[in-house]
Amino acid sequence: QIDQVGRELQARLVEILTQGIDSGELRSDEPVDLIANATFGMLNWTNRWFTPECGHPAGKVADSFAEMILGGLVQQRPQARRR
């Protein structure tokens, strides 16, 4: 049952990432399954080190992880040239 839940979470994350790629909001130059696996890998280790006493509040951890993941995936739009 745990394996099934893991597969469902993986499928949902791939679906969300695919929607972001299809809409042009996320980069399309990396394989979506690799992005999903990297995300889960990062999150799966959190239980090894995170405790309320670790020095980082849960909200900070969540914000930092989101920035690291999304900051690397967000499509960079070229800025208009200044004359």
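Residues are called buried at under 20% relative accessible area, exposed at over 50%, and partly exposed in between, using a 1.4 Å probe on protein chains only. The model is a predicted one, so local features need pLDDT of at least 70 and side-chain atom pairs count only at pLDDT 80 or more, while totals for chains, interfaces and linings use all residues. Residues are numbered from 1 along each chain as its sequence is written, and side-chain values use heavy atoms, with hydrogens and water left out.

Helices here are DSSP runs (H or I, at least four residues), numbered from the N terminus. H1 covers residues 2–22, 21 residues in total, and its first and last C-alpha atoms lie 30 Å apart. That is close to the 30 Å expected at 1.5 Å a residue, the expected span being 1.5 Å times one less than the number of residues.

Which residues of H1 are buried? They are Leu13, Leu17 and Gly20. These residues sit on the same side of H1, because they cover an arc of only 55 degrees around the axis; the arc is taken from the directions that run from the helix axis to the C-beta atoms. As for packing partners, the buried residues of H1 pack against helix H2 (32–44) and helix H4 (58–73), with contact meaning heavy atoms within 4.5 Å. After H1 comes Gly24, which has a positive phi, near 85 degrees.

Turning to H2, Thr39 is found in this helix. Thr39 is buried, at a relative accessible area of 10%. Leaving aside residues up to four places away in sequence, Thr39 touches Leu13 and Ile69. Leu13 is itself one of the buried residues of H1.

Then there are the charged pairs. A salt bridge is counted when a side-chain nitrogen of Lys or Arg lies within 4 Å of a carboxyl oxygen of Asp or Glu. Searching the whole structure turns up two salt bridges. Arg27 pairs with Asp29, with the closest N and O atoms 2.9 Å apart, and Arg27 also meets Glu30 at 3.6 Å, N to O. Together, Arg27, Asp29 and Glu30 form a linked network of salt bridges. In terms of accessibility, Arg27 is partly exposed at 27%, Glu30 is partly exposed at 35%, and Asp29 is exposed at 53%.

Key. Helices (H or I, at least four residues) and strands (E, at least two) are DSSP runs, numbered from the N terminus.
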